[in-house]
Structure formats: C-alpha cells, structure tokens
Amino acid sequence: TECVSGCVCPEGLFDDGRGGCVEQKDCPCIHNNEWYSSGDKIKVDCNTCTCQKGVWKCTDDVCYGTCMIYGSGHYNTFDGKFYDFDGSCEYVATQDFCGDKNSSGSFSIITENVPCGTTGVTCSKAIKMFLGVMKTFSNRSATSLPAILEVIPNVGDDVQYWNRTVGLYLVIEASNGVMLIWDKKTTVFIKLSPDYKGKVCGLCGNFDDKANNDFTTRSGLQDSNPLNFGNSWKQSPMCPDVKQEIKPCDLKPHRKSWAEKECSIIQSEVFKICHSKVDPLPYYEACVHDACSCDSGGDCECFCSAVAAYAQECIKAEACVFWRTPDICPIFCDYYN
C-alpha cells in the first residue's frame with residue numbers, strides 16, 4: 001500500500017514519531033524527551049523498563065529511598081524534592097519517631113549545621129545516627145571543616161551496624177534497613193529500605209512517593225515555605241529561626257563570574273549524556289551558590305562537591321560521566337594506594 005498525502009501511515013503501520021512508519025511491534029518509546037527503539041531497556045530507580053510496542057513495561061520492585069544533603073544547605077528528599085535551607089543548629093534529617101510523641105521508632109539521624117564562609121550559609125559539620133543511647137563511635141576528618149560522624153547504638157536493642165570504606169565514602173549500614181554514606185566532608189546520603197515508606201519525617205521528607213507533601217512540619221502540618229519547614233525540625237528552641245534565604249552571589253558579586261564559569265561544566269558537553277535523565281539546572285544553581293559562598297578557603301572543595309553531587313545523580317540514572325581530570329577535581333594517587 002502506498003502512502004497517501006498527509007501525515008498518515010499505510011493501514012497496519014504506525015507513525016514512529018520520527019518521520020517513519022513501522023509495524024506496531026517496532027513502535028518506539030519516549031523517556032525524558034528521548035526516543036528509544038523497541039526492545040531497549042532503561043533503569044528507573046531500581047526497576048528495569050523495556051520498550052514493547054510503544055509502551056514501557058517495567059518491573060515492579062520496591063526500591064530503597066535516598067536523601068542527599070550536601071554543600072551549603074542543599075537537600076534532595078527521598079521523594080525528589082530539591083530545596084535549600086541554611087539553618088545553624090542541629091536538625092532532624094530523618095527519623096521514624098513521627099506523629100505521637102510516645103511513638104516508638106528504631107532510628108534518628110541528626111545533622112549539625114554550622115556557618116561556612118562569611119555570607120551566612122551553613123554546611124553539615126556533624127552527623128549523628130542514633131540507634132539508641134549507649135555507645136559512641138566517631139570518625140574525625142582532617143578537612144578544612146571539621147567533620148564528625150557519630151553512631152550511637154543502644155546495647156539493649158537488636159539493631160547492629162557495620163562500617164566500611166568504599167572509594168571516597170564511609171558507609172554505615174544498620175540491620176534495621178538504614179544506611180548512611182558520607183564523604184567525610186559535607187555530603188551525606190541516607191538510604192532507607194522500602195519498609196519505611198510513609199513512616200519517616202524530618203528534613204528528608206516522608207518517603208511516600210509524593211514530593212508535594214514533603215514539607216510536613218514537626219507538628220504534622222504541611223507548609224509551602226522551606227524556611228518554616230526547616231525551622232520546625234531544629235532540635236533546640238534556643239537556635240534562631242532562619243528568616244530569609246541567603247544569596248551569596250549577591251553578597252559577594254566579585255565571585256559570581258568565576259562561580260558561573262567553573263560550574264558551567266554541569267551544563268556542558270561533558271554531562272550531555274545525563275541532561276535528558278537528570279535536570280542539570282538545580283545542580284548548576286546550587287554549584288554557583290556554593291562557589292560564591294566558599295570565601296574562607298576550600299573554594300575548590302566546595303565546587304568539586306557540588307559537581308560530584310550531580311555526577312552521583314547521573315550514575316543513579318545510569319548515565320556514567322567521567323568528569324574529573326588532572327585539572328578539574330583530581331583524585332590523587334594516594335587514594336588508590
């Protein structure tokens with residue numbers, strides 16, 4: 001059958017969206033504005049999706065949730081809500097002691113945020129992982145910003161934990177399905193097993209697959225303002241509330257052009273393979289924010305941590321990017337020895 005005039009295909013064939021006509025079994029699928037041929041597979045979180053007759057067919061495994069805290073007050077919740085909060089205090093990152101004050105739980109992770117630089121932005125200086133109240137394990141890092149990780153298990157409980165080093169990261173894994181991954185600087189990943197879905201609270205949100213209700217305050221109310229939400233999770237009422245968002249590039253305009261130039265790598269060809277999978281804009285803006293704010297030393301460390309955060313999200317989306325070079329955030333030889 002010959003094609004007739006107009007945007008139609010012969011009977012039995014289908015428009016493939018790319019100017020051709022194909023049989024139904026060869027219909028492509030679209031994901032993040034990219035076309036995939038029939039039979040192609042992609043990874044969506046921990047599930048594998050296969051293109052079949054123009055439709056994605058995915059496995060239905062329940063995935064671990066990941067919350068990321070990094071740089072100068074950047075948060076990406078378990079449900080993927082990205083926001084900034086520059087409070088100077090101890091805050092509940094995540095815990096399963098939620099709702100009723102007497103409710104039982106098995107863990108609490110606290111982040112201690114302190115000012116870094118002179119603009120007022122804050123960084124996570126210490127992480128405390130409570131599995132009880134008895135013993136203390138600490139790891140001190142000789143970086144420009146003293147970093148501390150404490151794991152506090154309850155001897156009477158059945159929650160065990162293990163720690164190991166994987167590449168640049170220290171990994172703490174507990175038997176209750178909680179994992180903490182720390183770069184010994186200002187980046188922390190918290191991973192929770194699916195058993196905690198909808199049962200946690202704190203700055204990392206509630207892990208219920210709905211980003212629009214992540215700003216649930218300690219009192220259980222939903223708020224649209226990240227400052228009100230963040231303030232509600234401070235551990236001490238003596239800490240001042242954050243009243244306004246800090247914009248370090250406005251306070252240090254002489255650093256802005258350098259910050260934008262360095263951070264442009266996130267939006268460059270280097271990360272092109274990832275752009276359709278993970279939106280680079282919030283990570284670029286966070287990078288510029290951090291590069292402007294690091295005005296008391298550690299400029300390169302702040303920049304490198306910000307780019308590494310985007311690279312990590314790219315890896316999760318199965319877009320492996322080799323962005324480090326001898327001139328850009330190199331990993332020195334002693335790391336491999």
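Author: C27 is buried, with a relative accessible area of 9% (buried means under 20% relative accessible area, exposed over 50%, partly exposed in between, with a 1.4 Å probe and protein chains only). This is a predicted model, in which local features need pLDDT of at least 70 and side-chain atom pairs count only at pLDDT 80 or more, while totals for chains, interfaces and linings use all residues. Residues are numbered from 1 along each chain as its sequence is written, and side-chain values use heavy atoms, without hydrogens and water.

The closest cysteine sulfur to that of C27 is in C51, 8.3 Å away, which is too far for a bond. For C320, the closest is in C314 at 9.4 Å, again too far; C320 is exposed, at 51%.

The structure holds 13 disulfides, a disulfide being a pair of cysteine sulfur atoms within 2.5 Å. One of them joins C89 and C239, with the sulfurs 2.1 Å apart. C89 sits in the loop between β10 (82-84) and β11 (90-95), and C239 in the loop between α1 (226-232) and α2 (248-251), 150 residues apart. Helices (H or I, at least four residues) and strands (E, at least two) are DSSP runs, numbered from the N terminus. The torsion about this S-S bond is 70°, and the link of C89 and C239 is right-handed. C89 is buried at 6%, and C239 is buried at 16%.

C9 and C21 form another disulfide. Its S-S torsion is about -85°, so the link of C9 and C21 is left-handed.
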